[in-house]
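Trainee: Please walk me through reading the linings of pockets and cavities.

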Amino acid sequence: MTARLSTRAVVVRDSGPALEDVSIEPPRAGEVLVRVAATGVCGSDLHVLHGTSPVAVLPTVLGHEGAGVVEGVGAGVTDVTLGDHVVLALYGPCGRCRYCRTGRFPLCEGPSRVAAITGLMEDGTTRVNDADGAPLRPFVGLGTMAGYAVVRDTQVVKVDPTIPLDLICLAGCGVTTGLGAVFNIAQVGPGDTVAVVGCGGVGLNVVQGARIAGATAIVAIDTNPRKLELAAALGATHTADPSSSGVRAAVEAVVPGGVDVAFEVVGVPALVAETFTATRPGGTTVMVGSPPNGTTIPIDGRALFSERRLLGCTGGSNVPARDIPRIAALFREGSLDLSALVTRRRPLAEFAEAVADAERGEVARTVLLPG
């Protein structure tokens with residue numbers, strides 16, 4: 001494959017986002033060309049639009065929660081072939097750095113992974129150019145709000161072709177992060193009690209993960225009644241609006257003394273601190289949301305002294321080759337509900353409306369269909 005492809009993509013510049021004509025170069029060694037079939041609009045995409053993303057370098061092709069069909073492979077690619085259905089993963093571990101050698105793949109610091117975070121291949125180039133030939137950086141090395149994407153082969157995971165791509169695309173970020181926070185970070189077990197503060201696209205999957213893990217009480221907390229309805233449908237045993245009482249009181253009304261595990265899925269430092277107080281002595285709080293750079297979380301030292309733990313979470317500490325197939329298996333067996341997470345589907349041309357859906361908080365996810 002030697003010819004460039006022309007397609008449309010959502011490009012974010014200093015002046016804002018717009019649907020533009022772009023060209024896609026053929027995949028090189030170790031790279032895969034994917035025709036994007038579906039991509040979710042995630043909170044991290046909104047951070048790019050708000051200018052608060054710590055990793056996006058403009059101009060960038062937006063989108064990172066995608067799935068599609070392999071249409072080209074570069075030299076040395078063996079895990080996927082033409083026609084395979086794939087999910088595009090947030091990252092792909094290099095397998096060689098000090099973290100990968102000790103099995104801590106989510107913390108990979110290899111040059112290929114580091115370059116991808118800022119939208120580059122390991123050689124410092126990109127495979128996407130605008131109509132004037134200027135390079136564009138795909139967001140986190142993916143740029144899924146486009147008709148096609150060229151990504152590193154470690155960032156694609158083959159999935160069962162019978163699973164709808166407009167559902168399994170959510171495994172690229174929101175589902176993987178939510179379930180990973182439960183399974184990989186907190187390791188929630190049968191009989192545990194759980195609180196989930198923030199029930200957006202990721203928080204709803206924390207709720208589902210806690211249900212699948214066997215938690216006996218799952219308290220979903222949000223100020224949006226629509227999100228609380230979704231949380232109840234996906235497994236929350238109790239729901240609460242903390243506007244009047246606060247998080248701790250809302251939790252202790254259900255689980256006196258606090259829960260075993262609490263998840264903050266918003267990324268507000270003060271809310272992380274408040275969520276921390278809603279756990280029992282010896283309990284665990286997982287900060288799933290991404291707070292702004294340089295912020296401080298005001299934790300009460302005496303509460304921490306009581307053997308409580310506060311843990312960070314990078315993308316659910318997921319290993320794509322392990323966790324995405326697990327998500328697919330849970331969906332096939334009926335344990336994981338992906339359909340309820342997709343509130344709306346829109347063509348790529350309606351990306352602005354999809355962003356507005358997310359900004360208003362009235363959807364779990366809007367999925368864009370570039371095809």
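Mentor: Start with residue classes: Ala, Val, Leu, Ile, Met, Phe, Trp, Tyr, Cys and Pro count as nonpolar, Asp, Glu, Lys and Arg as charged, and the others, Gly among them, as polar. On a 1 Å grid over the protein atoms alone, a pocket is an open set of points with protein on both sides within 12 Å along at least five of seven lines, a cavity is a set where a 1.4 Å probe fits but cannot get out, and lining residues have an atom within 4 Å of a point. This is a predicted model, and totals for linings use all residues. Residues are numbered from 1 along each chain.

Trainee: How do the residues lining the second largest pocket divide by class?

Mentor: The lining has 8 nonpolar, 3 polar and 3 charged residues. Of its 14 residues, D79, D153, T154, V156 and A321 lie nearest the centre. Strand 10 (156-158) supplies the largest share, 3 residues, while helix 11 (320-332) gives at least two. Helices (H or I, at least four residues) and strands (E, at least two) are DSSP runs, numbered from the N terminus.

Trainee: How many cavities of 30 Å³ or more does a search of the whole structure find?

Mentor: The search finds 3. In the largest cavity, G119, L120, M121, P138 and G141 lie nearest the centre, among 13 lining residues. That lining comprises 6 nonpolar, 5 polar and 2 charged residues.

Trainee: Which residues line the second largest cavity?

Mentor: Among them are A9, V22, I24, P138, L142 and Y148. Strand 2 (16-24) and strand 9 (148-152) each give two or more residues to this lining, and strand 9 gives the most, with 3.

Terms used:
Predicted model: local features only at pLDDT ≥ 70, side-chain atom pairs only at ≥ 80, totals over all residues. Heavy atoms only, no water. Points joined across faces, edges and corners; volume = space filled by probe spheres on them.
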